Amino acid sequence: AEADEYREKIAKAKCPKEVEEKALKEIERLEKMPPSSAEGTVVRTYLDWLLVLPWTKSSRDKIDLTRSEEILNQDHYGLEKVKERILEFLAIRKLTPKMKSPILCLVGPPGVGKTSLAKSISRSLNRKFVRMSLGGLRDEAEIRGHRRTYIGALPGRIIQGVRTAGTRNPVFLLDEIDKMSSDFRGDPASALLEVLDPEQNSTFTDHYLEVPFDLSQTLFVLTANTLHTIPRPLLDRMEIINISGYTEDEKLNIASRYLVPKQLEAHGLSKDVFTLEDDVLLKLLQGYTRESGVRGLERQVANLCRKIAVRWVKQEWEPHTLTVEDLESTLGAPRYHFQAAGKSPEIGAVTGLAFTEVGGVVLTVEVTPLPGKGRLTITGQLGDVMKESAQAAWTFVRAYANQLGIEEDFYDRTDLHIHVPEGATPKDGPSAGITMATAIASAIAKRYVRHDLAMTGEITLRGNVLPIGGVKEKVLAAHRAGIKVVVLPEENRKDLEEIPENVRKVLEFHFVSRIEEVLKLAL
Ligand code: ATP
Ligand code: MG
């Protein structure tokens, strides 16, 4: 009777011929086994998987661009270019429904809305949504499953996700693809390639299932903080959409229109309990967060809601518009002060701008000369490229000592220690070259460096300044830190147009092609 039930299920499962045959064969095996045998259980579990998967079931795409645009705007403030890009993508889906789905990859710092954009895409397409985090994943079997000969074997997480979705064309979010690693248990990246590659994924075979599942209608959306760690073959198949950090203005809008109402509701509060006006919100974001995205800001708003909810329930709260004093009495003293950059001019300390996984950051390069013989010590968790760049800066300063107004034989008597604090964040890349050269020059010539100035640029041995990446992120970070003057390579002049008008207006920019120009500005 059990076997007959399974046969009925096959008829209902609308599966491909191959799957049907496989299932029938397993049912025959089951019939020959004693009912309570362990092996019988294994076969039943297998059949249950096989017969519940959405082999042919799809949700119907509802592509109505006006509606999609509305949904994207409902869920997210700003992000004009990103939304435009998504709409283009949807339009093309509509025109060529049979075409294989490209793989979208949203790249940007934490908390800029990558995960939540992927959700909006599914909503605007009217498709089911599943999410799988790849962070820390190192075992290939997580993706492709274990063979049935293993005790307790199960399908991999791709098939599990499809089962959860219940359709074979969900929006499948693969979160944090840059945090995947590989070890002796196999290379998940190559397994993932089989999942993503439109040439291969119509016959994706999970080790457990043993029969191919057609993933070609699934829309994969990937997210990453950085592209550096993504294997080339994967990268080649993705359509990258960059999302950069938010300006203060954008954050204010996001907070007042989205985060605050969302958190009020989540905490069972309303505008009748308290309101947050922009001026206080600004203090909240300046004093209690320092980030490219809005995750920390959302957390602080949630904090505020929790604390106020307690007082409200205890009837110790009179409804009112929050003041700065309210912030301090609920969240404590502000953690950040607008002036993060050095308070007064210093010798041997220069503010640089870097582009890291968490977005743009300001960092200080410190240089101290010691009596010695021209040796160079470099500390602060710097990557190889950055160390080489320090070497180049050092060589340049030595070679050009004369022009820089430094005694030419100084290095016979001097060792240098270069340090870039905040050891917890690994730093790499050549873009601190001019910052290190300036710090060295300042330390040796004992000249003060302007403290409200920040710089970024690669340096060559002959003192030319080469262009760098991440200009927008870096400039936003400078602005967050209260910097007034920003020095950039001449060839990055064109990137200025990416920077929001209101930030561009308040900063003073200098474009340089020689290190001498940098020194003139900074020292
Ligand atoms: P991570 O890289 O850390 O995973 P993420 O980019 O995936 O970060 P999300 O989790 O999508 O970040 O966003 C964090 C929070 O900020 C979410 O609640 C999201 O809705 C909100 N958010 C981000 N950007 C916007 C925006 N432009 N408008 C409205 N809300 C936003
Ligand atoms: Mg995310």
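This is a predicted model: local features need pLDDT of at least 70, side-chain atom pairs count only at pLDDT 80 or more; totals for chains, interfaces and linings use all residues.
View 1. With the protein around it, ligand 1 has 89% of its 640 Å² buried, the area being what the ligand exposes when taken alone.

**View 2. Lys262 and Gly113 also reach oxygen atoms of ligand 1.** For Lys262, look at the side chain: one of its polar atoms lies 2.8 Å from an oxygen atom of the ligand. For Gly113, look at the backbone instead, where a polar atom is 3.0 Å from an oxygen atom of ligand 1.

**View 3. Here is the shell around ligand 1, with 19 residues in all.** The closest are Tyr77, Gly111, Lys114, Thr115 and Glu298. By class, the shell holds eight nonpolar, six polar and five charged residues. Three helices each supply at least two of the shell residues: helix 6 (114–125), helix 11 (248–266) and helix 13 (295–313).

**View 4. Helix 13 crosses helix 14 (residues 324–331) at roughly 85 degrees.** The two axes come within 10 Å, and the crossing angle makes helix 13 roughly perpendicular to helix 14. Helix 13 makes the contact through Gln300, Asn303, Leu304, Lys307, Ile308 and Arg311, and helix 14 answers with Leu327, Ser329, Thr330 and Leu331. Sorted by class, this contact has four nonpolar, four polar and two charged residues.

Conventions. Residues are numbered from 1 along each chain as its sequence is written. Chains are lettered from A and ligands numbered from 1 in the order in which they are written. Side-chain values use heavy atoms; hydrogens and water are left out. A residue is near a molecule or strand if one of its heavy atoms lies within 4 Å of it. A polar contact is a pair of N or O atoms within 3.5 Å; within protein, one must be able to donate a hydrogen and the other to accept it, and residues adjacent in sequence count only if both atoms are side-chain atoms. Accessible areas come from the Shrake-Rupley method with a 1.4 Å probe; for residues, only the protein chains shown count as cover. Helices (H or I, at least four residues) and strands (E, at least two) are DSSP runs, numbered from the N terminus. Ala, Val, Leu, Ile, Met, Phe, Trp, Tyr, Cys and Pro count as nonpolar, Asp, Glu, Lys and Arg as charged, and the others, Gly among them, as polar. Axes are lines fitted to C-alpha atoms, for helices over the stretch in contact, and angles run from 0 to 180 degrees between N-to-C directions. Angles under 35 degrees count as roughly parallel, over 145 as roughly antiparallel, 65 to 115 as roughly perpendicular and the rest as oblique. Contact means heavy atoms within 4.5 Å.
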